[in-house]
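Here's a friendly walk through one protein model, a few spots at a time. Keep the 3D view open and follow along as you read.

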Amino acid sequence: MFQKRWVKFDGLSISYYNNEKEKYSKGIIPLSAISTVRVQGDNKFEVVTTQRTFVFRVEKEEERNDWISILLNALKSQSPSSQSQAAPAPEKCGYLELRGYKAKIFTVLSGNSVWLCKNEQDFKSGLGITIIPMNVANVKQVDRTVKQSFEIITPYRSFSFTAESEKEKQEWIEAVQQSIAETLSDYEVAEKIWFNESNRSCADCKAPDPDWASINLCVVICKKCAGQHRSLGPKDSKVRSLKMDASIWSNELIELFIVIGNKRANDFWAGNLQKDEELHMDSPVEKRKNFITQKYKEGRFRKTLLASLTKEELNKALCAAVVKPDVLETMALLFSGADVMCATGDPVYSTPYLLAKKAGQSLQMEFLYHNKFSDFPQHDIHSEGGLSQESSQSTFLCDFLYQAPSAASKLSSEKKLLEETNKKWCVLEGGFLSYYENDKSTTPNGTINISEIICLAVHKEDFYLNTGPIFTFEIYLPSERAFLFGAETSQAQRKWTEAIAKHFVPFVAENLTEADYDLIGQLYYKDCHALDQWRKGWFSMEKSSLRFCLQMQEVQEDRMHLRRLQELTISTVVQNGEKMDVLLLVEKGRTLYIHGHTKLDFTVWHTAIEKAAGTDGNALQDQQLSKNDVPIIVNSCIAFVTQYGLGCKYIYQKNGDPLHISELLESFKKDARSFKLRAGKHQLEDVTGVLKNFLSDIDDALLTKELYPYWISALDTQEDKERIKKYGAFIRTLPGVNRATLAAVIEHLYRVQKCSEINHMNAHNLALVFSSCLFQTKGQTSEEVNVIEDLINNYVEIFEVKEDQVKQMDIENSFITKWKDTQVSQAGDLLIEVYVERKEPDCSIIIRISPVMEAEELTNDILAIKNIIPTKGDIWATFEVIENEELERPLHYTENVLEQVLRWSSLAEPGSAYLVVKRFLTIDTIKHYNERRTLESIKEGVLKIKEEPSKILSGNKFQDRYFVLRDGYLFLYKDSKSSKYDKMFSLASMKFYLGVKKKMKPPTSWGLTAYSEKHHWHICCDSLQTQMEWMANVFIAQHENDIWPPAGKERKRSITKNPKIGGLPLIPIQHERSATLARRNIESARAELERLQLSEKRDQELGDSSIKERASMVAHCLEHKDEKLRTRTRKHRSFNCLEDTEAEVLPGPQKSHKGLKTLRKTEDRNGRAALDSDSKLPSRVIEELSVVLQRTRTFPKDSQGEQILPKEIN
């Protein structure tokens, strides 16, 4: 009985499939196993093998004849060796059960593939069912009733196997895992190079089996030495892996390494190395670094036979050597100082490489090619700046270029000058670029010292003149002079810019010159490692990446992905009395400040970075991205709908205004990072339209058109778990940005449908709307709707979301839908007034408090803002002041500030509470405490105490008790003579406040108040000194002497998000203690607060009536996470919140009035939203807020390092 199959012949084998979309075959017949092909009647033909005969039938006789003709021709053309070729020896083989097959399958792991065959004889004959390539596979154990099961998972299908024993299963898993690992490496190259026995040990430290190499020095090295070779820079040593960089290892390069070998290479490089100077495999890093630098960069140990030759003699000898087979001679000459690009005297074969090519010396050509940028000194001198004077002079270029006069004005005017300028004869020689009127002129029109260049810009777009296109580049000097040159071809442009960059970029940043950069040069920078002073660094722009080598970094190079920037702002600071523009870049918690040498080069960098950071194209990956690799436009729309649309009926089924949607899309495209959606200004239906239109119009569907048939075919799987597993496999094959965006969108839709009782948008209704968006199909089919509905309903299982995260989402939804006037901020920051030393208008600062800010960070920020330098021996702390200023408590430096502020909601008068930063302890107090620790008790004395509710004391009056502070406990005795205590309190379970409430009628003005979960104790002292002594000793004992960060620990300061007063940045970008700048900040702050207080006089009862307002601030915090926690990518993201941009003002003095205006608007709005003085939120909602806050701060240990999606298969 014939079955219809899709059959394919690729020249090597016949394979047949269920249909043309299938990736894995039902059978394979290799050409080498075929004996003959015969004709049968009824449009049939036979393929005869030694094992069996396969019969195929086609619809037409002509088609049958074509198949037979092609197969017979292929059989005739195959070589006898391929026919007799035996099957490769397998690493692992045996019979396994495979789900879907009745009989056991002979399974073979051979090389980088797993073969599935009906039996062992078929495998030996080359016949198989299908082949599973390991480069796209993953293997895992299966937790089923059958313990011997395991799965090989690929993007298109999962193969479930069952072994006969647990031991056999583990052997298969280990073998497949090893094969997958080996697909990432290429052992063949290593084995070939190790053919030369001297290459089996490191050329530098003699470590065995080295698997790295320097391809220009022709030495094989170990991993440890490879790291130090990289530090030399690619000009001196180009490091590549023998196993992973397979593409670079051509046959000629491998042969070169075999011919030379480590022994011959060391005969030159280590010809004068003494025994006691040798490097050993266990040598420390510093010694290894020094040895490799001396050996190769300085040439300290090399043979000196050629030392007497001049540069000219070396070059002449090199030209003679490259036409002969002896590569060792060429190596010795080149590494002794010969110029690889020296003039040969032949106008056609003008370089040694061309001479070698003419002579057919392939190994010489390979060696010279990998050393084309090498410059080894003739003597033991090497310039730290990069190039020696001699090598700098060795480069020579000359050609006609278009050239415009120098200018310090706008660059656009320079291009106009090109149309009026003739070609100039340009010469690059001796480190100078000179341009002449023509090639006959002897006096240059001008000369540029290459070493003075601070920036080189390469324009990739053609500029057209009447004579045709030209390819331009610009040179910028510290004197604010700019030069524009143009070449007639892109190759000429590249030749000139490479030669120029080679001279002014030092060797430590040589990697930057190897990329296809648009801009390269030197800038001043500050980063989070050192904000105290500006340093010089080397930067280059390559498409949307900013690559840089910083002075303080140990690594060779780093980069920022500009489309992923969270912040890109420009501001003006004053340094040495002069204004200076500074650019701030923040990416995933990393902060970088940069400024140029001149206004001109800064403008060039700023323009290029701003352009690269913007949207460039219609593909998903070309959008401006958030820190989670989700387009900002998607995050913004989701945040807006989450805040304002969860309770809106039929939200995604309503259509917005097409004109408004188009305008919003254009605004996001222009600059999504700075564009904010605003309630009142933007309509909900328009925002939902933006999200739907964006997903529908990107270049490829979010679910990708390539995977469309697989998404649909998954519906054929009836079992839910299997179908969900397929969805997960498809998702893992999506590009990274698609995966992250899909996770965000499906999470949002899952959140929306959980409120379907209110908004009537269940999973099916959402799928009806979004199926055509996510698949990019016109209209939709029931299959597409079912897939999207499946993804929404099974969001938790597909994305492996934990139960507590789902509960958190429910709490968030409940909070948002119940309190419609809740203000939610994407930044997650709360504006709060903090005082310095005392509560007076002149001492207040409005500062941003994030959900993860600790007391140490707040204290340091306030001191920096006020330009206060603590006196030696003083310790400052943040205090919370409550109960109408009757009680105050110092916060431990690790305490979360926002948690404490939110607890004020439970106070009788929350509006009276505030924070103040002031002196607390001294070094002398701590010293005295440490001396007392050696004694039996730390502090003891008679104090008066009153308890609420009364249990241990009779009556309701203050009574004398003898207190002893010891071993983390506070003991109460009836008197000093008592041997048994009446009560013992654990300090860890109590909060101590300075002061006693007046309504307690204390007998003195000084005392402490202690709170535990169920009791309050009011303690009175006889003097202020006694009160402070007890408070200091209790505080130190509570925290086991850990009262301030240990010495040497970096002080916490807000870096990525500056605290602000209104719209003014309060941590100067230039972190220098300038009294003038500090006074200006303070005066601005005071003026702004006075204006705010005049705009709306605060009612004394406002604090009492603002419980709801304070509680609603939690919503500002739901999205914001600690930078430490941000590095742990979560499977389930907390919902994005919308930023109320009415309170967001660009930094800088020029925006101060606008900042005052918008802050006043926010205050008015909050005032209108406040409850009456006796109104309070239900206790249940307060409990919910506490749960939410805990979720934002801590995660279980087992969630660390989790990712949004399971690990990629490939």
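Glu 498 and Arg 494 sit in helix H15 (residues 490–504), four residues apart, which is about one turn of the helix. Helices here are DSSP runs of H or I with at least four residues, while strands are runs of E with at least two, and both are numbered from the N terminus. The side chains of Glu 498 and Arg 494 meet in a salt bridge, at 3.2 Å from N to O. The term salt bridge is used when a side-chain nitrogen of Lys or Arg is within 4 Å of a carboxyl oxygen of Asp or Glu.

How exposed are these two? Glu 498 has a relative accessible area of 29%, so it counts as partly exposed. Arg 494 is also partly exposed, with 22%. The cut-offs go like this: buried is under 20% relative accessible area, exposed is over 50%, and partly exposed is in between (1.4 Å probe, protein chains only).

## Where the numbers come from

This is a predicted model, so keep the confidence rules in mind: local features need pLDDT of at least 70, side-chain atom pairs count only at pLDDT 80 or more, and totals for chains, interfaces and linings use all residues. Residues are numbered from 1 along each chain as its sequence is written, and side-chain values use heavy atoms, with hydrogens and water left out.

## A salt-bridge network

Searching the whole structure turns up 36 salt bridges. One of them joins the side chains of Arg 99 and Glu 722, at 3.3 Å from N to O. Arg 99 lies in the loop between E7 and strand E8 (105–110), while Glu 722 lies in helix H22 (residues 720–733), so this pair ties together parts that are 623 residues apart in sequence.

Which residue does Glu 722 meet in a salt bridge at 3.7 Å? That partner is Lys 725, and both residues lie in helix H22, three residues apart, or about one turn of the helix. Arg 99, Glu 151, Glu 722 and Lys 725 are linked in a network of salt bridges. Arg 99 is partly exposed at 43%, and Lys 725 is partly exposed at 26%.

## The seven-stranded sheet

Now look for an open sheet of seven strands, in the order E10-E9-E8-E7-E13-E12-E11, with antiparallel pairing. Two strands count as a pair if DSSP finds at least two bridges between them. At the edges are strand E10 (130–133) and strand E11 (138–141), each pairing on one side only. Neighbouring strands are turned by 35° against each other on average, direction ignored. Angles like this one run from 0 to 180 degrees between N-to-C directions, with axes fitted as lines to C-alpha atoms (for helices, over the stretch in contact).

Strand E7 (residues 92–98) and strand E13 (residues 158–162) are antiparallel partners over two bridges. There, Leu 98 stands opposite Phe 161 in E13.

Gln 148 lies in the loop between E11 and strand E12 (149–153). At 23% relative accessibility, Gln 148 is partly exposed. Which residues does Gln 148 contact, leaving aside its neighbours within four places in sequence? They are Phe 161, Thr 162, Ala 163, Glu 164, Ser 165, Glu 166 and Lys 169; contact means heavy atoms within 4.5 Å. Gln 148 and Glu 166 are 18 residues apart along the chain, with 5.1 Å between their C-alpha atoms.

## The three-stranded sheet

Another open sheet has three strands in the order E1-E2-E3, again with antiparallel pairing. Its edge strands are strand E1 (6–9) and strand E3 (27–30), and each pairs on one side only. The twist averages 15° from one strand to the next.

E1 and strand E2 (residues 13–17) pair over four bridges in the antiparallel sense. The bridge partner of Val 7 is Tyr 16, in E2. Helix H1 (residues 61–77) packs on this sheet, touching E1 and E2, and the direction of H1 makes about 35° with that of E1.
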